[in-house]
Each structure stands twice: as C-alpha cells, then as structure tokens.
Amino acid sequence: MLSYSTQLIEDDDIAIVNEVLKSNFLAQGPRVAQFEKDLCDYTGAVYAVVFNSGTSALQAMYSVAGIQEGDEIITTPISFVATSNMFVQLGAKPIWCDIKLDGNIDENRIEALITPKTKAIVPVDFAGKPVAIETIKTIAQKHNLLVIQDSSHALGSSIEGKKIGSFAAMSIFSFHAIKPITTSEGGAVLTDNKAYAEKLRLFRSHGILKKELWNSDMISMGYNLRMTEVAAALGSSQLNKLDKFIAKRNEISNYFDTRFQEEKLFLTQKLEKSTISSRHLYPIILNPELHCLKEDIFKELQERGLGVQVHYKPIYKNSFYEKQFGLVSLPVANDFYNSEISIPCNQTMSMQDAEYVADTVLDVIHKYSHRGCSF
Ligand SMILES: *Cc1c(COP(=O)(O)O)cnc(C)c1O
C-alpha cells in the first residue's frame with residue numbers, strides 16, 4: 001500500500017539509535033541539547049525546546065503563553081484535534097475561523113471574530129503550505145494579540161527563503177512517525193523569545209531549576225514531557241535528510257500538478273511562488289457534484305493500493321466539541337471535509353509509483369463522475 005505519508009528510516013538512523021542504546025544516557029543526556037541546536041541551525045530560530053510529542057509541545061506552548069480560563073482562541077477547524085484540545089484543557093474557548101479551499105485559515109475572516117476576550121490566533125500550515133502569516137501578524141499587532149502556530153506539517157517549509165519557526169511568537173512541530181521527520185513520537189516548540197524558552201524548559205521538567213551541587217528548586221508547576229536521548233539522536237539523523245525528503249515530495253507533487261493541470265473534476269493545492277512547502281500531504285479537492293461519491297471513490301482508491309486519508313473532519317464536528325461548545329457549521333470547512341482526499345506522496349515512493357497514483361486517481365474519479373449525484 002502506498003501511504004499518504006510515511007517515514008523513511010535508513011541504516012545510519014538505525015546505527016545512531018543503536019549507539020545511544022549502548023551509551024550511558026538514555027534520558028537527560030547530551031543528545032536532546034544537540035537536537036535542539038540542530039533544529040535552531042536548520043530553521044534559524046533562536047531557541048528550540050523538544051518534547052515527547054507534538055501534543056506535549058502544544059500543551060507547553062499554550063501554558064507558557066498564559067492562556068487560561070475564559071480566553072478565546074481564534075483557530076482553524078481543519079486540523080488534528082490536539083491543536084484545540086490543548087487550549088481547551090486550559091479552560092479556553094475555540095473560536096472557529098473558516099478556511100480557504102487550500103485548507104488554510106482564511107486570514108480575511110479573522111478580524112471579525114476578535115472580541116475583548118480574544119487572547120491568541122492559532123493558524124496551522126495545512127499540508128505544509130505556509131499560512132498568510134504576515135497578514136495574520138498585522139491583524140494581531142493591531143489588536144494586541146499573540147500569534148502562536150501549529151506547524152506540525154511544515155518543518156522545512158519556508159517563505160522567501162526563511163524557514164517556518166520564527167514568524168510567530170512560538171511555533172510547534174510534530175515528529176510523529178508520519179510527519180516530515182520522525183523521532184517515532186516527539187515534538188518541539190521554536191521561538192526567538194528567551195523568556196518563553198526558559199518557561200518551556202521548566203514546564204517540560206517538573207518546574208525544577210538546578211542550582212549548585214545537589215540543590216535544586218521547584219519554582220513553577222511542571223510535568224515530565226521530556227524527549228528521550230534515543231528519540232533525539234534519531235531526530236538529528238533525520239533532520240540531516242529533511243531537505244532530501246522535501247525535494248523528493250516536491251518532485252512527486254510537481255509531477256501530480258502537471259498531470260492534474262487540465263483536470264475539471266477536482267482542485268489541487270496551489271502554492272505561492274515565494275514559498276516552499278514540505279508537501280507533508282498532497283490534498284485533492286473534489287468538485288461539489290462529486291461529494292456524494294467520495295465514499296465510493298475513497299474505497300476504490302484503497303482497493304487499488306492507494307493508502308488515502310481524509311484531513312480533516314472539522315474539529316467542531318467531534319461529539320466532545322458539540323457537547324461542550326454547541327453546534328458549529330462553517331461553509332468552506334464543511335465543504336472541504338466533504339471533498340478532501342490526501343493521496344500518496346512520500347519520500348519512499350519512486351516516480352513509477354507516482355505515475356501509478358496519478359493514473360489511478362484520474363481513472364477512478366472519472367469512472368465515478370459518470371454516475372453523478374442525485375439531489
Ligand atoms: C500530528 C499533529 C499534531 C499532534 O502531534 P503529535 O506529535 O502526534 O502529538 C498536532 N497538530 C497537527 C496539525 C498535527 O498534524
């Protein structure tokens with residue numbers, strides 16, 4: 001099965017993991033600090049603080065940003081639930097902003113949602129495509145709001161040559177198995193703000209500050225959200241290959257773009273010339289007249305060996321959110337959910353695989369399009 005996204009682990013990744021397993025430190029050794037330095041060198045961010053998952057990184061980011069009971073957070077419903085779960089558990093309320101057909105938050109709809117309770121704007125770089133961060137920052141500055149970003153899909157993405165990671169006050173990344181690079185499970189917060197970095201480190205490890213010799217002091221509430229040495233070593237090894245992975249996913253994506261250029265039955269995600277996307281996902285957006293056939297199309301793509309997926313069910317449609325915050329319905333996000341399919345695009349695929357994927361997608365969609373939807 002060709003997967004919509006998957007990891008590539010090579011012999012040198014395995015060798016470094018073996019080496020760490022035989023070393024003195026499995027936890028709290030030098031590899032974590034090294035991986036953090038590597039992340040800063042790669043992205044240009046001043047500070048990196050790594051965690052045991054992207055979700056932990058979100059929890060830490062929202063906590064040190066001071067998000068609390070009663071705050072409103074303007075965010076996108078087209079994301080993994082963790083993006084909002086981690087501020088909801090702090091007592092904050094999601095204010096859903098509709099999206100554009102590229103899957104990113106619609107920056108032109110943000111300002112109308114701002115109230116005296118708004119604390120932060122949380123965009124997500126969907127599929128690796130950078131959001132309109134400069135516009136979002138301008139709105140935020142005008143209203144004195146924080147911009148903090150879930151860039152789980154976008155490690156290695158850039159705008160005008162500058163990597164995602166220091167545009168927002170803080171940006172989180174995920175190193176889950178199928179993300180742009182993996183530590184098996186893992187995550188990071190990148191920031192240029194020293195005070196945030198210090199608070200993130202405390203939050204990650206019990207709120208304990210080390211002093212001289214055996215003396216330490218717990219100065220704030222903290223948890224154990226630390227990354228292991230094994231994971232960090234794998235992360236450094238993977239990071240060396242990120243540009244190679246991204247080049248491969250772009251080669252496949254560009255090939256798909258060409259194959260689908262004249263296509264009338266679905267759209268693809270268009271990128272600005274000034275940006276590079278990690279191409280974590282390759283989403284296709286079926287036309288409205290095919291929405292009722294999406295299940296059939298999805299099933300047949302799977303039967304023909306395409307590990308497709310749908311990203312995402314709008315977060316507000318989950319029963320927890322419906323119970324907690326009431327029914328919400330945003331037209332573009334709803335349509336996006338009815339029309340999106342992520343097709344296989346990953347760094348383990350050959351160009352023959354890509355050709356098979358493009359042929360199969362076109363064949364299946366055109367076959368079903370003859371049936372049409374009865375309204
Ligand atoms: C994967 C993902 C997360 C969660 O990351 P984990 O490392 O799995 O905890 C959060 N947000 C988005 C957009 C993601 O894709």
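Trainee: What distance separates the centres of domain 1 and domain 2?

Mentor: 25 Å, taken over C-alpha atoms. This is a predicted model, where local features need pLDDT of at least 70, side-chain atom pairs count only at pLDDT 80 or more, and totals for chains, interfaces and linings use all residues. Residues are numbered from 1 along each chain as its sequence is written, and side-chain values use heavy atoms, with hydrogens and water left out.

Trainee: Where are the domains in the protein chain?

Mentor: Domain 1 is 2-239 and domain 2 is 242-369. The bounds come from an automatic or database domain assignment.

Trainee: How many residues of domain 1 are in contact with domain 2?

Mentor: 49 residues of domain 1, facing 54 residues of domain 2. Contact means heavy atoms within 4.5 Å.

Trainee: Switching to charges. How many salt bridges does the structure hold?

Mentor: 18. Each is a side-chain nitrogen of Lys or Arg within 4 Å of a carboxyl oxygen of Asp or Glu. Side chains of opposite charge can pair when their charged atoms come close.

Trainee: Which residue meets Lys-244 in a salt bridge?

Mentor: Glu-10, at 3.6 Å, N to O. That pair links distant parts of the chain, 234 residues apart. Lys-244 is in helix 8 (residues 242-259), and Glu-10 is in the loop between strand 1 (2-3) and helix 1 (11-21). Helices (H or I, at least four residues) and strands (E, at least two) are DSSP runs, numbered from the N terminus.

Trainee: Which residues are linked with Glu-10 and Lys-244 in a network?

Mentor: Asp-12, Asp-13 and Lys-241.

Trainee: What about Lys-129 and Asp-102, buried or exposed?

Mentor: Both are buried. Buried means under 20% relative accessible area, exposed over 50%, partly exposed in between (1.4 Å probe, protein chains only). Their side chains meet in a salt bridge at 2.8 Å, N to O. The two residues are 27 apart in the chain.

Trainee: And why does Glu-107 count as buried?

Mentor: Because its relative accessibility is 13%. Glu-107 forms a salt bridge with Lys-100, with the closest N and O atoms 2.9 Å apart. Lys-100 counts as partly exposed, at 24%.

Trainee: New topic. Where is Asn-334?

Mentor: In helix 11 (residues 331-339). Asn-334 is buried, at 13% relative accessible area.

Trainee: What does the side chain of Asn-334 make a polar contact with?

Mentor: The side chain of Ser-329, at 2.7 Å. A polar contact is a pair of N or O atoms within 3.5 Å; within protein, one must be able to donate a hydrogen and the other to accept it, and residues adjacent in sequence count only if both atoms are side-chain atoms.

Trainee: Thr-183 next. What does its side chain reach at 2.8 Å?

Mentor: The backbone oxygen of Glu-185. It also reaches the backbone nitrogen of Gly-186 at 3.5 Å. Thr-183 counts as buried because its relative accessibility is 0%. Beyond four places in sequence, Thr-183 touches residues including Phe-35, Met-227 and Leu-234.

Trainee: Last one. Which residues form a nonpolar patch on the surface?

Mentor: Ile-208, Met-218, Met-221 and Tyr-223, with about 400 Å² of accessible area together. Tyr-223 is partly exposed, at 37% relative accessibility. Patches are made of residues with over 30% relative accessible area and no salt bridge: like charges are joined within 9 Å, nonpolar side chains (Val, Leu, Ile, Met, Phe, Trp, Tyr) within 5 Å. Accessible areas come from the Shrake-Rupley method with a 1.4 Å probe; for residues, only the protein chains shown count as cover.
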